[in-house]
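Hi everyone, thanks for making time. I'll walk you through one structure today, so let's get it up on the screen.

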Number of protein chains: 2
Amino acid sequence: MVAEELGEFERIRRFFAPLAGPGGLGLLDDAALVDCKAGHRLVVTADAIVAGVHYLPDDPPELVARKLLRVNLSDLAAMGARPLHYVLMTALPAELGPEWLARFAKGLGEDQRRFGIDLLGGDSVSTSGPAVLSLTAFGEVVAGMEIRRNGAKPGDLVWVSGTIGDAFLGLGLLRGSHPDLASEHRGYLIRRFQVPEPRTELGPALCGIARAMIDVSDGLLADLGHICETSEVGASVELDKLPLSHAARVVVDLEPSLRPRLAATGDDYELLFTAPVAASETIAALSSHLNIRITMIGKIEPGAGVRPVAADGQLISVDHTGYRHF
Amino acid sequence: MVAEELGEFERIRRFFAPLAGPGGLGLLDDAALVDCKAGHRLVVTADAIVAGVHYLPDDPPELVARKLLRVNLSDLAAMGARPLHYVLMTALPAELGPEWLARFAKGLGEDQRRFGIDLLGGDSVSTSGPAVLSLTAFGEVVAGMEIRRNGAKPGDLVWVSGTIGDAFLGLGLLRGSHPDLASEHRGYLIRRFQVPEPRTELGPALCGIARAMIDVSDGLLADLGHICETSEVGASVELDKLPLSHAARVVVDLEPSLRPRLAATGDDYELLFTAPVAASETIAALSSHLNIRITMIGKIEPGAGVRPVAADGQLISVDHTGYRHF
């Protein structure tokens, strides 16, 4: 009993208190404090991941931590919010001891510095099942400038940041496909799966430009479907315009049947948004200013549903339009 | 795959969307919005519970939901904050189907109305292990009026709301002790364990009165120890003054050795606070106005540590000073 008591406080003191910002009150209080800035809104998002479902139990703990944090930062970016803080809850099996936790906290610490955020608090419990890690992230946006999913209008163009399909191909490599792929491509694609790059600069910069936005987590077509559904519009996506990384093109050249499926894969955590045609030059300037590729891939139409099409407008059938849990 | 996809959205639509407030955006977006009131701070707290550790897997889902919510509301109250919203994360095993979820959501809905709060959003994942439920709760406090643990001063009196030990005795009854206890006492004590009463009115009313506050979750002596440690003071607690419910007194009369142990038991979720002597009349008036028993049980002293004493000032030895997980 005494050892267990020491355990909780010692864990907090050693691993988590160094991650806390001023609002976390040293993780010594019942709750944390967040200052409210006049004219702003707080943006709140939450994600949970389970060992064996969302990551492999022997994945490096630093990478598990960074991915958990980054998928939440991506959700904030998709609302146009600047990230501020997070709350962490861990339910861990007994076999994950101090070494695992130290590495997990190290990953959080690295990304905190990178993204300028801090820990507010949380809870640690034990479970007899697989680890369940959940994180609530906080960002801020000028009130009224938040970008929701429901603002797309017929005539808007559809844009996506970065490249699509890398994470899916990276997971495939981890599972043994294309064992002969050159190591630089292999390393790139696996890293895109393990450590996504949340678009924390681009998201807030799109306030006042994008009419609807989402991050690509279920799959590009499925996520565009979420925008269409809440905006009560349809969309067409020209699959040939899908931005692929050099490494992804190498894999697709080896296995051409993969190409149309990349539009249906998730975990890219790129920003997918719609904007009026008149915003196109501003978007191009933003792309060049932030040094982030932003590609026009389709347009919003009256009606409902997402139509993947070829360059000639012909409908292309795509196997499945997204994956998720439950 | 398709059934699983429908599952997640259908779950959200059926069970959780009806619980969402305006800031939850119908649970249709990447994140939720919280308006910031000028001159206020947001207070954030989080708790996780695991089936088989914090509750029994066959406990009524309504009660599991209400307890999860209430322990978080208690943490907000302990900072002097008024509750506003919450974020819910569930990791559930496959055997907990729609019936369990419907009852869980019903419990949340009842308490939302009771405490005037709403759901912002969250995440649902599946696990092969026991259910892990976690909740992040949001409250607000006028900036600078929050009550922390670190403000206790020598000479302060120590006060506690309600009665202490009921939850511990209720758990004992559930585990088979005192099978002959009259059913009204049995029902009362079990209910105190299953559905704690967070002091959401008293907490904010103590802003400007209490110098340090915590809610009793680890055990009265352990929690007072947390105040002493962060405030860098000591305390004495007169065990005879510990407020017991009528039902608890009946059990203690049957088993007198339980009495001193009640000061070391947790899960009461009463407010434990210190205040200068001059505030005593104000506290008595507040007690009568809110119709909540508030009892003076000890005082803050220079030094360190919590001393349980008898009426004559003699030190009393208490078995253990708190319990917690890990």
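Predicted model: local features only at pLDDT ≥ 70, side-chain atom pairs only at ≥ 80, totals over all residues.

Residues are numbered from 1 along each chain as its sequence is written, while chains are lettered from A and ligands numbered from 1 in the order in which they are written.

Okay, chain A. Where they touch, domain 1 of chain A puts in 16 residues and domain 2 of chain A puts in 17; contact here means C-beta atoms, placed from the backbone, within 7 Å. On the domain 1 side, α2(A) has the largest share, 10 residues. Helices (H or I, at least four residues) and strands (E, at least two) are DSSP runs, numbered from the N terminus.

Now look inside domain 1. Strand β3 (residues 82-92) of chain A runs parallel to strand β4 (residues 118-126) of chain A, with 8 bridges joining them. Strands count as paired if DSSP finds at least two bridges between them. To get from β3(A) to β4(A), the chain goes through helix α3 (residues 98-115) of chain A, and this β-α-β crossover is right-handed. That is, with the strands pointing away from the viewer, the path from the first strand over the helix to the second runs clockwise. One pair you can find: A:Val87 sits opposite A:Gly121.

On to the two chains together. How is chain B superposed on chain A? By a rotation of 180° with 0.0 Å of shift along its axis, RMSD 0.0 Å, fitting by least squares on the C-alpha atoms of residues with pLDDT of at least 70 in both. So the copies are related as by a two-fold rotation axis. In chain B, the C-alpha nearest the axis belongs to B:Gly129, 1.9 Å from it.

And the contact between chains? It takes 64 residues from chain B and 64 from chain A. On the chain B side, β2(B) gives the most, 10 residues.

Notes. Contact = placed C-beta atoms within 7 Å.
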